[in-house]
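I opened this notebook to keep a plain record of what I looked up, going from the whole chain down to single residues.

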Amino acid sequence: MLILVQIFVSLFLCINVLLITIFFMKDFFYMTMRYILFAITLLSDCLILITTNFLLIFSYFHLTMQMWVCLIFYFLSSVYTFVTPVTLTAMTLERYVAICMPLRHGELCSTRSTTHCILIIHGLSSVPCIVVLSIFFASASLSFYKQSRECSVEMFIFYTWQAHFRSAINQFYFLMMCLIIVFSYVKIMKVAKAASGENKKSTMKGLRTVVLHAFQLLLCLMQLWCPFIENAVLQINFMLYINVRYFNYIAFYLAPRCLSPLIYGLRDDKFFLALKYYAFVSFHNHCLSCVKRVFAIQKVMSSY
C-alpha cells in the first residue's frame with residue numbers, strides 16, 4: 001500500500017510541476033484571475049502531498065521526531081488542507097461573476113483583486129490552525145517541545161473540548177463552502193436557461209466547471225469528517241483504523257489533487273493549447289539535439 005501511495009504522489013507531483021512550469025511561461029496566465037487561482041491550487045496540492053506523504057512514511061515505520069519539528073509539519077499540513085477547498089470556492093465565485101456579471105468581471109477579477117483574494121484565502125485557511133495552536137501553546141509545558149514522538153494531529157489536542165471545538169470550526173467551513181457552491185450553481189443554471197447560441201455554449205461549459213469544482217470540493221471537504229470516522233473506528237479495532245486511514249488518505253487527499261490538472265489543465269482550451277505547444281517544442285528540441293549528436297559522432301568516426 002505504501003509503494004502504491006508513493007507512485008501516486010510522484011505522478012501527481014510531476015504533473016503539477018509541469019503545469020506550474022507552463023503557467024509561468026505565458027504572460028496571459030499570470031495576468032488572469034482563474035489561472036492564478038489554478039496555480040495556487042497546484043502549489044497547495046504539491047505542498048500538502050509532500051508534507052502528508054512525509055508524515056505517512058514516518059508513521060508507517062514508527063519513526064519519531066522532535067515535537068517542534070512536528071509542530072511545523074502540522075502547521076503546513078493544517079493550513080494547506082484548507083487552502084485548496086477555499087481556493088476552489090473562490091474559483092467557483094469567479095465563474096459566477098464571469099457568467100452572471102460579465103460587465104463587472106474585469107473590475108472584480110483584476111490582478112490586484114486576485115492578490116487580495118490570495119491573502120484572504122490564506123487568512124481564512126489559517127484560522128482553524130491558529131485556534132488549535134493558540135490553545136495548545138497556552139496548555140503545553142516547555143518540556144513538551146523537547147520530547148521525541150510519532151507526529152500526529154492528536155499530539156496538539158489535550159482536552160476533549162478542543163477536539164469538539166476543532167470539529168465545530170471544520171463543520172462551519174464545510175457548510176459555508178457548500179452554500180457558496182450551491183448558490184453559484186443555481187445562479188449559473190438560471191443564466192444558462194436564458195442564454196442562447198454561443199453564449200449558451202459558454203455558459204454550459206462554465207456550469208460543468210462548477211459541477212466539477214463541486215465534486216472536487218466535496219472530496220476535499222470529506223477530509224474534515226475523516227477525524228470523526230477514524231476516532232470511531234479506533235474504538236473498535238486498531239488494524240481497521242490503520243486501513244481506514246490509508247483509504248481516507250488516498251480517497252480524500254490524493255484523489256482531489258488529481259482533478260485540478262483535469263479541470264483546468266486539459267479541459268481549458270488555452271491551457272491545453274499551451275501544453276501541446278510546449279510539449280511539441282520540447283520534443284522538437286530533443287530530436288534536434290539527438291540528430292546533432294549523431295552527426296557529431298559520425299564526424300568523429302570519419303576522422304579516424
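Predicted model: local features only at pLDDT ≥ 70, side-chain atom pairs only at ≥ 80, totals over all residues.

**Entry 1: the whole chain.** I began with burial, and I found that buried residues make up 43% of the 304 residues in the chain. When I went through the secondary structure, I found ten helices and two strands. Reading from the N terminus on, I wrote down the order of the elements as α-α-β-α-α-α-β-α-α-α-α-α. I then looked at contacts in the chain with a separation of 6 or more, and 78% of these are accounted for by residues 24 or more positions apart.

**Entry 2: what the record lists.** I turned to UniProt, where an unreviewed entry gives "transmembrane region" for residues 6-24, 36-60, 72-97, 118-145, 165-186, 207-226 and 246-266. I checked two of these spans against the model. Residues 72-97 are 100% helix and 0% strand, with the end C-alpha atoms 37 Å apart. For residues 118-145 I noted 79% helix and 0% strand, and here the end C-alpha atoms are 32 Å apart.

**Entry 3: helix 5 against helix 6.** At what angle do helix 5 and helix 6 pack? Helix 5 covers residues 111-139 and helix 6 covers residues 160-194, and I found that they pack at about 175 degrees, with their axes 11 Å apart. Because an angle over 145 degrees counts as roughly antiparallel, I recorded helix 5 as roughly antiparallel to helix 6. I then listed the residues that meet: from helix 5 they are L124, V127, P128, V131, V132, I135 and F136, and from helix 6 they are W161, Q162, F165, R166, I169 and Y173. Sorted by class, this contact has eleven nonpolar residues, one polar residue and one charged residue.

Entry 4: Helix 3 runs over residues 67-100, and T92 lies in it. T92 counts as buried, since its relative accessibility is 0%. Setting aside neighbours within four places in sequence, I found T92 in contact with I181, S184, V210 and H213.

Not counting residues up to four places away in sequence, T87 touches L37, I40, T41 and I121. I also noted that T87 and C117, which are 30 residues apart along the chain, have their C-alpha atoms separated by 8.9 Å.

P85 was my next stop in helix 3, and with a relative accessibility of 2% it counts as buried. Which residues is P85 in contact with, leaving aside its neighbours within four places in sequence? I wrote down M177, L217, C220 and L221. For P85 and L217 I looked at the spacing as well: they are 132 residues apart along the chain, while their C-alpha atoms are separated by 5.6 Å.

**Entry 5: A192 in helix 6.** Going back to helix 6, I looked up A192, which is found there. A192 has a relative accessibility of 1% and therefore counts as buried. Between A192 and L207 I noted 15 residues in sequence and 7.9 Å in space, taken from C-alpha to C-alpha.

Entry 6: R34 lies in helix 2, which covers residues 33-60. Is R34 buried or exposed? I found R34 buried, with a relative accessible area of 16%, which falls under the 20% cut-off for that word. The side chains of R34 and Y35 are joined by a polar contact of 3.3 Å.

H62 is exposed, and I noted its relative accessible area as 57%. I also recorded that H62 has a positive phi of about 55 degrees, although H62 is not a glycine.

Terms used: Residues numbered from 1 in each chain as written. Heavy atoms only, no water. Axes fitted to C-alpha atoms, helices over the stretch in contact; angles between N-to-C directions. Helix = DSSP H or I, 4+ residues; strand = E, 2+ residues; numbered from the N terminus. Parallel < 35°, antiparallel > 145°, perpendicular 65-115°, else oblique. Contact = heavy atoms within 4.5 Å. Nonpolar A, V, L, I, M, F, W, Y, C, P; charged D, E, K, R; others polar. Buried < 20%, exposed > 50% of the residue type's maximum accessible area, 1.4 Å probe, protein only. Polar contact = N/O pair within 3.5 Å; in protein donor to acceptor, adjacent residues only side chain to side chain. UniProt positions renumbered as here; feature names shortened; annotations may be inferred.
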